[in-house]
Amino acid sequence: MAPTRFSSRLKSLLLLALALNTLVLGLQVYSSYHSIRSYRGSLLAQGDMLLRSVAGGHRFFMRHMSFSADEAQRYFREAFEQTPVKAFFLYDGTGQVLFSLHPQTHPVDMPRPASRLVREEEDALLFFAPYTPPRLGMGMMGGRPVTPLYMALALDKTPLLELEGKTWVHLAFVVLLQVLLVFVYLVLLRFIRHHLRTQERLEG
């Protein structure tokens, strides 16, 4: 009976080790998901902050009632320096772009949202929002007043995609290790059972 009890206890210990490994795997999956979600949330918050900073830039427009497109581009380039901004657009209700920064990443369309709108593309997060400026000069507007105006902001998703890629590779490695451990546990348990049965026959 002693070998049987030993086999049962050993099986319980192996199952406990397997359960602990599964728990560790679950915690890693949760931690990875939380990290990706937090990073995505930080990008969304950063996009909102940048839009608010642009909307709050009335002082610039009011000081430069006849500012040129070059002056506006310099202003926005400095405002978006050291940020993941891929492109910025200021456009009117017809979709005509009045000002752009890095236009090579032009959004597919130019919606007219009543409030903030977020769209996700493969490599960027797109933010759209209405913009109500003060009395603008004629420099950037091409000699005609335009109302209403809208903003489009594209944030680079490359760091998020890299984080997701590294996370999935890490989780795949952990899952593979878990499968190998299960295989080792099963082989070890089968070997010990075979050894105990052989020992019982020899003793009998």
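This is a predicted model: local features need pLDDT of at least 70, side-chain atom pairs count only at pLDDT 80 or more; totals for chains, interfaces and linings use all residues.
Leu27 sits in helix H1, which covers residues 2–55. Leu27 also belongs to a nonpolar surface patch, together with Leu13, Leu16, Leu20 and Leu23. The patch comes to about 510 Å².

Next up is an open sheet of five strands, with antiparallel pairing and the order S2-S1-S5-S4-S3. Strand S2 (97–101) and strand S3 (117–120) stand at the edges. Each of these two has a single partner strand, so one side of each is left without a neighbour in the sheet. On average, neighbouring strands of this sheet are turned by 15° against each other, direction ignored.

Now look at strand S1 (residues 85–92) and strand S5 (residues 149–156): they run antiparallel and are joined by seven bridges. If you want a spot to look at, Phe88 stands opposite Leu153 in S5.

## Helix H4

Helix H4 takes in 46 residues, 158–203. At 1.5 Å a residue, H4 should span 68 Å, and its end C-alpha atoms are 67 Å apart, which agrees.

Which residues of H4 are buried? They are Leu160, Glu164, Thr167, Leu171, Val174, Gln178, Tyr185, Leu189, Ile192 and Leu196.

Key:
Residues are numbered from 1 along each chain as its sequence is written. Side-chain values use heavy atoms; hydrogens and water are left out. Helices (H or I, at least four residues) and strands (E, at least two) are DSSP runs, numbered from the N terminus. The expected span of a helix is 1.5 Å times one less than its number of residues. Buried means under 20% relative accessible area, exposed over 50%, partly exposed in between (1.4 Å probe, protein chains only). Patches are made of residues with over 30% relative accessible area and no salt bridge: like charges are joined within 9 Å, nonpolar side chains (Val, Leu, Ile, Met, Phe, Trp, Tyr) within 5 Å. Accessible areas come from the Shrake-Rupley method with a 1.4 Å probe; for residues, only the protein chains shown count as cover. A salt bridge is a side-chain nitrogen of Lys or Arg within 4 Å of a carboxyl oxygen of Asp or Glu. Two strands pair if DSSP finds at least two bridges between them. Axes are lines fitted to C-alpha atoms, for helices over the stretch in contact, and angles run from 0 to 180 degrees between N-to-C directions.
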